[in-house]
Amino acid sequence: MSASRPRRVAVLVLEGAKPLDVGIPAQVFSTRASMPYEVRVCGAAPGLVTGGDGLSYHVADGLDALARADIVFVPGYRFPDREDPPRPVVEALVAAHGRGARLAAISTGAFALAATGLLDGRRATTHWHYTRALAARHPLVRVDENVLFVDEGSLLTSAGAASGIDLCLHILRGDLGVAASHHAARRLVAAPYRSGGQAQYVPRSVPEPLGERFAATREWALHRLGEPLTLEMLARHAAVSPRTFSRRFVEDTGYTPMQWVMRARLDMARELLERSQRGVEQIAADVGLGTGTNLRLHFQRVLGTTPSDYRRTFSRGE
């Protein structure tokens, strides 16, 4: 792809498309000066597409938009377990993927990707209500019902509508870096990072105010990443036992408390690498990782790259 042109995003609206699922990628990747994306909402053919929940969509583009797209989003749609999308839609998705486009499904859009055969032998997820139906209809797909999203490189799937935001922010983070992803999350008033491995549905037996207390503790920790942080300190701030804190924290975030702290420190380090000229040793000290050696170790283990390579890729030189 030429560095001079924006990445082309196609949002493919199928019959019965769910409004939230359509709106999420259109909003996250909306065409604006600060975002190097160009969004086109398309259908099987130009014109009116009957959506779900009482809404319809008038799309200017047909499947030709997929032939030009770098990323194709397939929102969830009505009755995905009853029949596959029209053959031209399936063929257009296969052709787009073969040309190098990433295909990303939100909620039951995973059924459309599965209909292409591209998910055979791969992990995928969908809305928890449909995971068994997806496994039954497409037995070669390794359906994981206990995650928010799955990244298989050029094929990505997510659970219900809200997890579509998590998936989009995950894609942004990989394309543009953590600063851009955090900026988009702030604009959406969304959590900047939820683990793809977090459970979709967790029965709650704890009063909701405790969840608010945990959110306050996470916010408190984010302002103290350069200082020592232990499980006991976090639990004490939340006014619960370390055992209760650990259990509930995993339910809320998909990470243990100290895994989350490490991720937060690495995210802060990534943002400093992108937006400042500070050296690796200074950044390591600023984010509570002590030394450049320690920062490099965790960068390689968690992100699979080095701080210097990351800076070369995402630096904005601010």
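Start by selecting F214, F245, F249 and W260: ring pairs link these residues into a cluster. Here, rings of Phe, Tyr and Trp (its six-membered ring) pair if their centres lie within 6.5 Å; planes under 30 degrees apart count as stacked, over 60 as edge-to-face and the rest as tilted. By this rule the count comes to 8 aromatic pairs.

A word on what you have open: this is a predicted model, where local features need pLDDT of at least 70, side-chain atom pairs count only at pLDDT 80 or more, and totals for chains, interfaces and linings use all residues. Residues are numbered from 1 along each chain as its sequence is written, and side-chain values use heavy atoms, with hydrogens and water left out.

Next, pick F29 and F73. Their ring centres are 5.4 Å apart with the planes at 40°, so this pair is tilted. F29 sits in the loop between α1 (19–28) and β2 (37–42) and F73 in strand β5 (residues 71–74), so the pair ties together parts 44 residues apart in sequence. Helices (H or I, at least four residues) and strands (E, at least two) are DSSP runs, numbered from the N terminus. F29 is buried, at a relative accessible area of 0% (buried means under 20%, exposed over 50%, partly exposed in between; 1.4 Å probe, protein chains only). F73 is buried too, at 0%.

Now go back to F249 and W260. With centres 5.6 Å apart and planes at 75°, their rings form an edge-to-face pair.
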